[in-house]
Amino acid sequence: MKIYSGLNEVTLSVNGKKRRVALRPADTLLRVLRERLGMTGAKAGCENGDCGACTVLLDDIPVKSCMMLAVEAVGHEVTTIEGLNDPELQKAFADYGGFQCGFCTSGFLLNAHALLSKYPNPDDETVEEWLSSNICRCTGYEGIRDAVSSCRRSND
């Protein structure tokens with residue numbers, strides 16, 4: 001285990017690109033993405049892991065970047081909303097009104113993408129369970145759920 005202290009220069013793999021960045025051991029992944037790498041798609045909502053506005057993918061698994069130290073991402077692939085390439089899901093969010101103010105949208109999109117990658121044809125209960133880790137303050141849940149459901153992929 002590597003021990004970090006003071007200011008450290010590390011390499012993060014973000015959206016398929018290696019990025020050198022100087023950070024302190026206590027810097028969260030959210031702050032490094034937003035303030036050092038200029039990727040502002042992950043939002044600073046509650047900053048205690050409740051709302052999911054900061055959701056990113058770490059090796060294709062959704063994580064709340066406000067709860068993760070940036071040094072923990074070294075050696076892993078981070079995908080932010082800026083790097084998401086899922087036009088079908090993104091179009092479905094637009095078509096079904098899966099957003100209102102848009103603050104939570106990036107987190108929901110990344111979480112939904114991970115859900116559909118793991119379970120291409122999830123049942124309603126699975127969709128509800130996965131989406132429960134994100135909060136929409138505008139209560140746009142019906143549009144979000146409909147958008148995700150429209151992207152279910154048939155097993156046929």
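Begin by selecting T80: this residue is buried, with a relative accessible area of 2%. The model on display is a predicted one. T80 belongs to the loop between β5 and α2 (87-95). Now show its surroundings. Leaving aside residues up to four places away in sequence, T80 touches V14, N15, L33, M39, V56 and L110.

**The sheet**

Next, colour the strands. Five of them form an open sheet in the order β2-β1-β5-β3-β4, and the pairing is mixed. Select β2 (17-23) and β4 (61-64), which stand at the edges. Each of these has a single partner strand, so one side of each is left without a neighbour in the sheet. Viewed across the sheet, neighbouring strands are turned by 45° against each other on average, with direction ignored.

The strands β3 and β4 run antiparallel and are joined by four bridges.

**The aromatic pairs**

Finally, turn to the aromatic side chains. A pair of aromatic rings is described by the distance of the centres and the angle of the planes. How many aromatic pairs does the count come to? The count comes to two.

For one of them, select F108 and Y141, an edge-to-face pair with 6.4 Å centre to centre and 75° between the planes. This pair links distant parts of the chain: F108 lies in helix α3 (residues 105-118) and Y141 in helix α5 (residues 141-150), 33 residues apart. Y141, at 35% relative accessibility, counts as partly exposed.

Then select Y119 and W130. The centres of their rings are 6.1 Å apart and their planes stand at 85°, so this pair is edge-to-face. Here too, distant parts of the chain are linked: Y119 sits in the loop between α3 and α4 (124-131), W130 sits in helix α4, and the two are 11 residues apart. With a relative accessibility of 35%, Y119 counts as partly exposed.

Conventions. Residues numbered from 1 in each chain as written. Predicted model: local features only at pLDDT ≥ 70, side-chain atom pairs only at ≥ 80, totals over all residues. Heavy atoms only, no water. Phe/Tyr/Trp six-rings, centres within 6.5 Å; stacked < 30°, edge-to-face > 60°. Buried < 20%, exposed > 50% of the residue type's maximum accessible area, 1.4 Å probe, protein only. Pairing = 2+ DSSP bridges. Axes fitted to C-alpha atoms, helices over the stretch in contact; angles between N-to-C directions. Contact = heavy atoms within 4.5 Å.
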